[in-house]
Amino acid sequence: MLNFLNNKLRKPMPPKVGVIANPISGRDIRRVIAKANSLQIADRANIVVRLLAGLAACGVEDVVMMPERGGLAGHALRQMAQSAVRGNARFPSVSFIEMPVTGTAADSRIAAKAMSAMDVGAIIVLGGDGTHRAVAAECGATPIAGVSTGTNNAFPEIREPTITGYATGLVASGAVPKEIGLKPNKWLEVRIDGGPAEIALVDVALVSQQNLGARALWRTETFRELYVAFADPQLIGMSAIAGLIEPVGRDERHGLMLRLAPASVAPLVVQAPIAPGLVEPIGVEQWRRLPAGQPIAPDLAAGSIALDGERELTFHSRQNVSIRLVENAFDTIDVAAVMRFAATKGLLRERNKACV
């Protein structure tokens with residue numbers, strides 16, 4: 001442990017940081033029709049090891065992970081043991097939550113809820129938008145830090161995992177105050193007939209196709225309405241359509257809503273990257289800003305609803321659908337702000353006494 005960092009901690013270090021690593025994210029149909037490769041288990045394990053090295057460097061000594069059947073944890077533990085033998089890295093101790101493993105998104109939800117109840121300092125998530133959505137739904141007040149390992153990753157930012165571990169450790173240990181290290185996030189809530197809310201972190205898309213089939217969105221001729229919490233023209237997926245029309249930042253107090261149509265009949269056509277290497281013409285009829293807190297009833301009478309790029313719900317003409325943008329829904333680690341603060345305050349440096 002870094003002695004100089006321990007001297008600068010503002011509060012006692014929380015006992016644990018949580019890690020939820022989805023071993024099967026990024027294996028939907030877009031991997032077939034687009035140009036994206038799947039991360040192998042060994043690659044995902046290497047990411048976990050790099051995260052853990054960053055956490056250890058910032059004084060985090062205990063990590064609790066979600067169990068899984070894909071072999072990811074076994075690969076990671078072997079890599080850590082090999083590094084320990086070589087003496088070129090140190091890592092936190094790793095334990096696993098006692099829970100049933102189903103190999104579905106329910107595992108991430110159960111693990112996130114359990115970690116929140118354990119009062120971990122933060123939860124690091126490895127996966128795509130769907131995995132991050134599952135964790136955000138159950139993490140409560142516990143902040144999350146995202147690592148992209150899915151197909152269409154609009155929510156988790158692309159960054160070296162070691163740095164994500166560093167920043168998470170600095171916040172979880174109290175070396176960086178929460179008002180600097182955390183940032184609030186919006187999400188979208190969808191309700192059918194006033195029932196329980198389903199959330200989306202990035203976008204809600206309504207398509208005319210009613211049977212769910214392959215859940216990932218790829219048949220562009222069925223796209224009808226799109227609601228986004230933020231829209232970045234540098235990203236891919238459904239939110240890229242909105243980003244190329246009117247960019248909306250993650251910290252802005254509104255979203256965007258678009259009415260879509262087949263490109264052959266729409267007044268405006270956007271060449272949108274809806275998946276890695278897959279650029280399609282998307283017809284746009286109209287768009288306007290989506291205010292926070294105001295429920296919106298879509299125009300489409302029947303179809304299916306995709307949450308962050310995957311169709312999850314169907315509805316018919318006799319049902320009432322509402323979509324609402326919610327501010328300050330959950331917190332994430334602001335990696336860039338944390339690392340700037342650490343550099344400015346000298347949290348990760350000390351004078352060499354031998355040279356004084």
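The numbered points below concern the salt bridges and the places they connect.

1. The model is predicted: local features need pLDDT of at least 70, side-chain atom pairs count only at pLDDT 80 or more, and totals for chains, interfaces and linings use all residues. Residues are numbered from 1 along each chain as its sequence is written, and side-chain values use heavy atoms, with hydrogens and water left out.

2. A salt bridge is taken as a side-chain nitrogen of Lys or Arg within 4 Å of a carboxyl oxygen of Asp or Glu. This rule gives 11 salt bridges.

3. Arg50 and Glu160 form one of these, at 2.9 Å from N to O. Arg50 belongs to helix H3 and Glu160 to the loop between strand S5 and helix H7, 110 residues apart. Helices (H or I, at least four residues) and strands (E, at least two) are DSSP runs, numbered from the N terminus.

4. Glu138 pairs with Arg109, with 3.5 Å between the closest N and O atoms. The pair links helix H6, which holds Glu138, to helix H5, which holds Arg109, across 29 residues. Glu138 is partly exposed at 26% relative accessible area, and Arg109 is partly exposed at 27%. Partly exposed lies between buried (under 20% relative accessible area) and exposed (over 50%), using a 1.4 Å probe and protein chains only.

5. Glu246 forms a salt bridge with Arg289, the closest N and O atoms being 2.9 Å apart. Glu246 sits in the loop between helix H9 and strand S10, whereas Arg289 is in strand S12, 43 residues apart. Arg289 counts as partly exposed, at 49% relative accessibility.
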